[in-house]
Amino acid sequence: MSSPVDPETIYPRQWVERARRINWYHTFELDHGLVIEGEFDLRPHVHRYGFPDDLTGLSVLDVGASNGFFSFELERRGARRVVAVDLPTIAEHDFTPAFREERAAQFSPEERARHDESDLHGGFLLLKEALGSRVEHVGLNVYDLAPERLGGRFDLVFCGSLLIHLSDPFRALQRLRLVTGDRCIVATVYEPALGEAPDMRFVGAWDGIAWWKPSIACLERMMRVAGFTEVTRHATFELVSRSKRHVDPTVVLHGRVA
Ligand SMILES: C[S@@+](CC[C@H](N)C(=O)[O-])C[C@H]1O[C@@H](n2cnc3c(N)ncnc32)[C@H](O)[C@@H]1O
């Protein structure tokens, strides 16, 4: 957390202490120049996703929302209803079996519960409080998305940097399709070396939380087969993490439903 002024003069001490204990995924800029530094700063990239500037009256679903950088941005653009979905508990993450065992040996059940409370949900809830936001936060696996669990379909569904973490990205795309009323924006890591071949590279042994790196052509086909029409390539760019551990070629695809 960096700030030209003492954060405790802006937010209650308890809020600041809780914020300092969290491993932030997203970087946020709050009032009075207070910056929360996360692993990914999406501020320079947000224009590449192709979100409409004005979302007045629309409903929006942000799937795999993490700390909510996009949820809060989409609310700021006037959406009538924004729902942010992330895993109910980290135990539901599609970890590779070896990584799951490694984590079980490394962390006690109490430590895992603390992680869920702080890193998985806590950052989002703290930001929601600081921003006075009305975004709804729902613990739901992407594989379980269904209109009846979320109060209907959404005009705009966004799914950013999640497919790489799924063993079955096609099943997830089908679920995204089920809850899309009009438009779905998918941003994800792709494999440039595969060119235009509709292929995916298996990377499930890489770091325990990544499974497949598809070509853009593969993603387009999967989206079409999942039931999206008018699938378009909106942008490609490189997403680099603060630690430089991740340098991810990222594609943004837009899909409509007829
Ligand atoms: C890499 S972050 C991406 C955050 C944000 N969407 C973005 O584009 O910056 C992936 C998020 O998806 C969540 N996630 C992972 N597996 C999930 C699943 N099966 N269902 C729902 N969310 C999941 C993680 O907990 C994490 O918050």
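Which residue just after α8 takes a positive phi? That's G227, at about 115 degrees. Helices here are DSSP runs of H or I, at least four residues, and strands are runs of E, at least two, numbered from the N terminus.

Quick caveat before I go on: this is a predicted model, so local features need pLDDT of at least 70, side-chain atom pairs count only at pLDDT 80 or more, and totals for chains, interfaces and linings use all residues. Numbering runs from 1 along each chain as its sequence is written.

Okay, back to α8, residues 216–225. Its buried residues are I216, C218, L219, E220, M222 and M223. Buried means 20 or more other C-beta atoms within 10 Å of the residue's own, exposed means 12 or fewer, partly exposed is in between, and C-betas are placed from the backbone. Those buried residues pack against several elements, including α7 (169–179) and β10 (229–240); contact means backbone-placed C-betas within 7 Å.

E230 is exposed, with 12 other C-beta atoms within 10 Å. H32 is another non-glycine with positive phi, about 60 degrees. You'll find H32 in the loop between β1 (28–29) and β2 (35–36), and H32 counts as exposed because it has 12 C-beta neighbours inside 10 Å.

How values were computed: Two residues are in contact if their C-beta atoms, placed from the backbone, lie within 7 Å.
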